[in-house]
Amino acid sequence: MARNEEKAQSMLNRFITMKNEEKKKPKERRPFLASECRDLADADKWRQQIMREIGRKVAEIQNEGLGEHRLRDLNDEINKLIREKGHWERRIVELGGPNYSKYSAKMTDLEGNIVDVPNPSGRGPGYRYFGAAKKLPGVKELFEKPPELRKRRSRYDIYKRIDASYYGYRDDEDGVLEKVEGPAEKRMRAEAVAEWMRMEEIKREARRAVKSGEVAEVGGAAKTILYEEEEDVVEEERRERELEEKEKEKEFVVHVPLPDEKEIERMVLEKKKMELLSKYASEDLLEEQIEAKAMLNIQR
């Protein structure tokens, strides 16, 4: 039995293939300008053709072993086809077809996050990178996120977070603090009351002993209390004397009338006049002495 290769090379099969090729229409070529197309169906067909070419090249650019130059060329070709696809989509809208640009895919980074690539011309998306082209030197840095700078909190931000809880005004709302501090507060209050009652009893005994003249027989605690009370009295008297002295210093009044500005100016002028008069008088006296010595012919 003949193999498939032998069947294809037989005279009959080659004749049938040639006839089929003759019946086919000549292969159409995509117009260079989208504006030359006048049929909506043809414009949609050419757009689908461009989409298939983009899909093939995008699948090819995923291979990292192609080399840097081949990856850059493939990326350039894909971007060129994307721009051409945009022209055909705008032409389809002009011919009354759907707007495919609204549902176009967005560019993503290495982690799959959408990246907005601006275009300086303002028309359509900017230059995009696909597949292994994103990991090329000089391109990978574009997709790396800059480290987040820790913003220093201002005084306003610090005070903005302060509320009643910061000052402890809401510590009693949950009831936990009351349960913990309640027994301790009762115990401390009972101890303070007992200590106060003991001190009051000692003070009463000390006063009773002082009145009856039995100070020498008073216990050590009563003596200490009496001495402390005496010191308090002395300290209070000393404070009163200091306050009285300060009050006297504050109430000191100057009885000598002070001259005003005009009086001071008048006194300064009089002093200057006296200085000038004394100066001129001394000069005149000196000249008279010199003339008298010259007349008397005194050399001295």
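I take buried to mean under 20% relative accessible area, exposed over 50%, and partly exposed in between, with a 1.4 Å probe and protein chains only. By that count, buried residues make up 15% of the 300 residues in the protein.

**Ground rules.** I am working on a predicted model, where local features need pLDDT of at least 70, side-chain atom pairs count only at pLDDT 80 or more, and totals for chains, interfaces and linings use all residues. Residues are numbered from 1 along each chain as its sequence is written, and side-chain values use heavy atoms, with hydrogens and water left out.

**Overall layout.** I looked up the secondary structure and found nine helices and two strands. Helices (H or I, at least four residues) and strands (E, at least two) are DSSP runs, numbered from the N terminus. Along the sequence the pattern reads α-α-α-α-β-β-α-α-α-α-α. I then checked contacts, meaning heavy atoms within 4.5 Å. Of the contacts with a separation of 6 or more, 54% are between residues 24 or more positions apart.

**H3 against H4.** I looked up how helix H3 (residues 40-61) meets H4: their axes come within 9 Å and cross at roughly 160 degrees. H3 is therefore roughly antiparallel to H4. The axes are lines fitted to C-alpha atoms, for helices over the stretch in contact, and angles run from 0 to 180 degrees between N-to-C directions. Angles under 35 degrees count as roughly parallel, over 145 as roughly antiparallel, 65 to 115 as roughly perpendicular, and the rest as oblique. By class, I find 15 nonpolar, one polar and ten charged residues in the contact of H3 with H4. Here Ala, Val, Leu, Ile, Met, Phe, Trp, Tyr, Cys and Pro count as nonpolar, Asp, Glu, Lys and Arg as charged, and the others, Gly among them, as polar.

**Leu 66.** I placed Leu 66 in the loop between H3 and H4. Leu 66 is partly exposed, at 30% relative accessibility. Leaving aside neighbours within four places in sequence, Leu 66 is in contact with Glu 60, Leu 71 and Leu 74. I also looked up Ala 132: from Leu 66 it is 66 residues away in sequence and 9.2 Å away in space, C-alpha to C-alpha.

**Asn 79.** I found Asn 79 in helix H4 (residues 68-94). With a relative accessible area of 4%, Asn 79 is buried. A polar atom of the Asn 79 side chain lies 2.7 Å from the backbone oxygen of Asn 75. Not counting residues up to four places away in sequence, Asn 79 touches Gly 126, Tyr 127, Arg 128 and Phe 130.

Conventions
Polar contact = N/O pair within 3.5 Å; in protein donor to acceptor, adjacent residues only side chain to side chain.
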